[in-house]
Amino acid sequence: MGSGIYISTAGAVAQDTALDVAATNIANASTTGYKAERVTFGQALANTRAKDSAFAAVAAVSSDSSAGALRRTDNPLDVALLGDGYFGVNTPAGVRYTRAGDFRLDDQGRLVNGMGFVARGSGGNEISVPEGATTVTIDGQGQVIADGDEIGQLEVVRFAPTALRREGDNLYSASGPPAAPEGEPPEIVSGALEQSNVNVVRGMVDLVKVSRAYESLMRMIQGYRDMESAAARGIGRPR
Amino acid sequence: MIRALSTAATGMEAQETRLDVTANNIANASTAGFKKSRAEFSDLMYQTQRAPGTATGAGTQTPTGLQVGMGVRTVATQRMHSQGDLRQTARPLDVAIEGRGFFPIDLPTGEVAYTRDGAFKLDSEGKLVNSEGYALAGDITIPPDAQSVSIAADGTVSVVVPGDSAAVEAGQIQVANFANESGLESTGRNLYRETGSSGTAVLGAPGENGTGTLAQGTLEMSNVNVVEEMIDLISGQRAYEINSRVIKAADEMLGQTATLK
């Protein structure tokens, strides 16, 4: 009986993290380019003293890399990636990667993303629109065109999913260089944005699951407590 | 749980902003020259409990890390400058731009503002003004005895006065183009102001510099698509509701913990 209450507590702590993850997903149901997080539970301390007891813990939180729905915006500088890949941006903290293609121009005519970070062109160069240009568009290969002339090429890179770490602001940082380009580069759709791939129905189901699991674990803890107090009161009492 | 509470609160705040933006779009569904906006969001920072690639012992590494997010925030509202529907009004001083470009308007402060709303009127001096009474740049004056006014696709304004069979040119309407229309600052009253992000205004005759041509007797309506806005309204409302359920779930879980005896 001794370890049962701790097994239940470990389960409740794991469910707590699962709730935080479900909350983050639901909060980001409208975030451009957001990828849902998935919790994986695992056994911790499985082979310790008691063979029949295993503590649950959150083993990993991974990204669901499935594509989000595309939404037409008809804004010529909004682009979405069809397929695997990331846009590069230069931030004060270094190069970061994003799926959100909500580009625009800053006050120096540079192509920047929604957060104001400068978009990386090929080779990491910034893409500047010449003074007085009147139409700027991005085509299906990621070429930025001002008044009919190509002025740059958006950098699109691929990574193994495990090489990326979430940074917030729709950005990821990479632990190594991008993977070598394989096959066709992802197609770019201009005038559209990739929406969050959070499925709110799934979010609701996760929420129900977590709260019910937590409730059961609390009952377990309560059950152990009741057994302990019954033992303390009952055992050894003269009949 | 406390983290989930604040995460869900950021989600509700974001959906509230989205609803505000949608409400403004719907309210302006019939405003001439109005351009719809959209709210843009980004995820907040993450708490890294275990970084990906951490050694787990026995020479293995965790393939995925353990990062828990903290919610969402609104980063921007962006205006979408797609063409609105054109409505025939047959009023000679209603002018629409078919394509890119803005009418420059001289503000009383001496600044120049820009608008897509081409419902022009005449003031007491016969000058072309917008609905607020601010003059269209270029000081185009229509003589008081003019019998008809015609505005050509290239912006040339000509009038027919009594005693003269030929039309007389009264001026030319110019339009301004910007490299980045979305960078314009909205100041209300259908007016926009140039900013560093929009680039400088390039003035020219309609049809030049990639601008559209003018259509007389036509007004550009708002580009708000009411069906789209309704869908946004519904999905925003539902997302708000689900975020509030997260708060309820977290609260119940906290309650269960607190009542353990």
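In what order do the strands of the open sheet in chain B run, and in what pairing sense? Let me start there. Three strands form the sheet, in the order β14-β15-β16 of chain B, and the pairing is antiparallel. Strands here are DSSP runs of E, at least two residues long; helices are runs of H or I, at least four; both are numbered from the N terminus. Two strands pair if DSSP finds at least two bridges between them.

Before going on, the ground rules. This is a predicted model: local features need pLDDT of at least 70, side-chain atom pairs count only at pLDDT 80 or more, and totals for chains, interfaces and linings use all residues. Residues are numbered from 1 along each chain as its sequence is written, while chains are lettered from A and ligands numbered from 1 in the order in which they are written.

β14 (148–151) and β16 (168–172) of chain B stand at its edges. Each has a single partner strand, so one side of each lacks a neighbour in the sheet. β14(B) and β15(B), residues 156–160, pair antiparallel over 4 bridges. Within β15(B), V157(B) is the residue opposite I151(B).

Next, β9 of chain B, residues 103–106. Antiparallel to this strand runs β10(B), residues 112–115, joined by 4 bridges. P104(B) faces Y114(B) across that pair. The hairpin has 5 residues between the strands, and there G110(B) takes a positive phi near 95°. β9(B) also has 2 bridges to β13(B), residues 135–136, again antiparallel. I105(B) has L136(B) as its bridge partner there.

Now chain A. It divides into domain 1 (4–66 + 198–234) and domain 2 (70–194). Those bounds come from an automatic or database domain assignment. The domain centres, taken over C-alpha atoms, are 37 Å apart. Domain 1 of chain A gives 6 residues to the contact, and domain 2 of chain A gives 8. Contact means C-beta atoms, placed from the backbone, within 7 Å.

Last, the two chains together. Chain A puts 57 residues into the contact and chain B 59. On the chain A side, the elements giving two or more residues are α1 (4–27), β2 (55–63), β7 (104–105), β14 (164–168) and α2 (200–234). Which of them gives the largest share? α2(A), with 11 residues.

Conventions:
Contact = placed C-beta atoms within 7 Å.
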